[in-house]
Amino acid sequence: MANKRALIIGVTGQDGSYLAELLIEKGYELHGIVRRASTFNTGRIDHIYRDPHEAGATLKLHYGDLADGTGLRRIIEKVRPHEIYNLGAQSHVRVSFDEPEYTADVVATGALRLLEAVRDHMAGGGEAVRVYQAGSSEMFGSAAPPQSEATPFHPRSPYAVSKLAAHYFAINYREAYGMFVSNGILFNHESPRRGETFVTRKITRAAARIKLGLERKLYLGNLDAKRDWGYAKDYVEAMWLMLQADAPDDFVVATGESYSVRDFLGRAFGSLDLDWQQYVEIDPRYFRPSEVDHLHGDASKAHAKLGWKPRTTFDELVKIMVNYDLDRARRDVAIRDARLEGRSGSERDEW
Ligand code: NAP
Ligand code: GDD
């Protein structure tokens with residue numbers, strides 16, 4: 001393992017950060033692609049990143065973008081990875097209705113750019129590269145649950161259509177060029193590192209802040225949607241296992257249980273002794289032009305062929321997220337109080 005090199009596209013995201021921890025633990029020489037932003041966007045990986053000038057730096061970062069094929073090629077030539085994990089995406093389903101062209105460019109054409117870069121790298125004498133393509137249960141869309149690898153796709157958003165294109169690009173490169181490209185069809189997976197605008201994190205963050213008096217209301221959209229929610233830390237193991245298999249394939253990764261947004265609200269607010277119905281209001285702007293009503297995965301193939309199983313239950317997941325957000329909210333209260341301490345009486349009243 002000592003000489004194995006991996007490259008993560010999307011290393012700054014929720015999954016990228018957990019996968020980075022896993023691969024470092026396994027002894028990989030790890031490289032990650034970071035998008036240029038006007039502020040630091042490495043908050044999720046700061047704890048594992050060391051200044052490259054320091055001895056023992058295990059994660060090397062490269063500026064790059066799935067919209068920039070030339071840059072991807074340069075990074076691949078330089079890093080010469082044995083494994084590439086393509087986790088990069090505009091990953092918000094609702095936003096994909098507002099930015100469909102951008103979403104398709106990054107998610108669908110971006111995956112194609114990557115596959116072309118890998119194909120040329122290997123054709124030019126580079127060592128064999130295995131690629132993980134981050135597919136999504138969104139691709140099933142309105143297909144009836146439970147959904148498995150055999151379920152026909154029916155995507156319901158520009159994001160889902162783009163993920164489906166990437167999924168089929170991967171299969172085509174497998175069939176046409178014999179490349180090792182595996183598609184993970186992952187159902188929703190969450191964690192304290194989940195982006196704050198996805199529904200689970202929006203709920204746990206708001207519940208904690210309401211509990212501590214920092215907020216009063218939470219505005220949501222469709223509470224009836226059902227999702228198969230797992231823990232991101234469990235799911236990145238499945239990604240790694242897919243690239244250690246004898247042959248490339250497609251795998252559903254899910255818990256096999258599904259709950260509604262309303263159920264999640266009940267568990268999260270309930271764990272703080274709050275009645276969510278007193279705080280939640282519906283704002284139609286969070287509805288989607290076409291919704292995915294019910295995702296419920298059947299991951300028996302991943303279990304049988306990869307030996308993968310989820311370890312964290314739904315209730316444990318909610319607890320992990322609520323506890324984290326409660327700690328964050330307590331910190332915000334402490335910062336606010338410390339600031340108030342430093343002010344005069346009249347200023348305090350204005351706060
Ligand atoms: P995430 O937190 O939104 O992370 C996405 C990552 O992609 C971030 O590092 C982001 O960079 C990067 N990125 C965005 N645009 C890019 C571009 N143009 N070029 C290169 N990188 C770009 O998503 P996640 O939850 O970790 O999910 C990881 C992958 O799995 C995504 O492809 C997502 O669509 C897919 N997926 C997620 C789930 C889920 O439930 N989490 C389920 C199925 C599939 P910044 O940090 O700079 O934004
Ligand atoms: N984001 C959000 N915000 N969703 C809401 C809200 C709200 O205020 N209110 C209700 N929902 C509903 C959505 O309509 C959807 O049915 C459900 O909550 C889950 O929404 P998200 O958490 O945004 O996740 P998603 O299922 O649309 O997409 C996530 O999972 C996919 C896998 O199935 C993302 O991580 C995708 O990148 C991923 O592919």
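Predicted model: local features only at pLDDT ≥ 70, side-chain atom pairs only at ≥ 80, totals over all residues.
## Ligand 1 and its neighbours

Let's start with ligand 1, which has 25 residues around it. The closest of these are Thr12, Asp65, Ser91, Tyr159 and Lys163. If you sort the shell around ligand 1 by residue type, you get nine nonpolar, eleven polar and five charged residues.

Now zoom in on some polar atoms. The side chain of Asp65 has an N or O atom 2.7 Å from a nitrogen atom of ligand 1. Another nitrogen contact involves Arg194, where a polar side-chain atom sits 3.1 Å from a nitrogen atom of the ligand. How much of ligand 1 does the protein bury? On its own the ligand exposes 900 Å², and the protein buries 91% of that.

Which elements give two or more residues to this shell? They are helix 1 (14–25), helix 4 (100–123), strand 5 (130–136) and helix 5 (158–177). Strand 5 supplies the largest share, with three residues.

## Ligand 2 and its neighbours

Ligand 2 is surrounded by 24 residues. Ser136, Ser137, Tyr159, Arg288 and Glu291 are the closest to ligand 2. By type, the shell around ligand 2 splits into ten nonpolar, eight polar and six charged residues.

A polar backbone atom of Ser91 is 2.6 Å from an oxygen atom of ligand 2, and a polar backbone atom of Gly221 is 2.8 Å from a nitrogen atom of the ligand. Arg288 uses its side chain instead: a polar atom there lies 2.5 Å from an oxygen atom of ligand 2. As for cover, ligand 2 has 710 Å² of accessible area by itself, and the protein covers 96% of it. The elements that give two or more residues to this shell are helix 6 (199–211) and strand 8 (218–220).

## The second largest pocket

How do you look for empty space in a protein? Rolling a probe the size of a water molecule over the atoms shows where space is left. The second largest pocket has a volume of about 270 Å³. It is lined by 14 residues, and Val34, Phe40, Thr42, Leu61 and Tyr63 are the closest to its centre.

Strand 3 (residues 59–63) gives the most to this lining, with three residues. Overall, the lining holds seven nonpolar, four polar and three charged residues.

Let's finish with two single residues. His189 is part of strand 7 (residues 189–190). Is His189 buried or exposed? It counts as buried because its relative accessibility is 10%, and the cut-off for buried is under 20%. A polar atom of the His189 side chain lies 2.8 Å from the backbone oxygen of Phe187.

Asp246 sits in the loop between helix 7 (232–244) and strand 11 (250–253). With a relative accessibility of 80%, Asp246 counts as exposed, since the cut-off for that is over 50%. Along the chain, Asp246 and Phe180 are 66 residues apart, while their C-alpha atoms are separated by 9.7 Å.

Terms used: Residues numbered from 1 in each chain as written. Chains lettered and ligands numbered in written order. Heavy atoms only, no water. Near = heavy atom within 4 Å. Polar contact = N/O pair within 3.5 Å; in protein donor to acceptor, adjacent residues only side chain to side chain. Areas by Shrake-Rupley, 256 points an atom, 1.4 Å probe, with all protein chains shown as cover. Helix = DSSP H or I, 4+ residues; strand = E, 2+ residues; numbered from the N terminus. Nonpolar A, V, L, I, M, F, W, Y, C, P; charged D, E, K, R; others polar. 1 Å grid on protein atoms, 1.4 Å probe; cavity = no way out; pocket = protein on both sides within 12 Å on 5 of 7 lines; lining within 4 Å. Points joined across faces, edges and corners; volume = space filled by probe spheres on them. Buried < 20%, exposed > 50% of the residue type's maximum accessible area, 1.4 Å probe, protein only.
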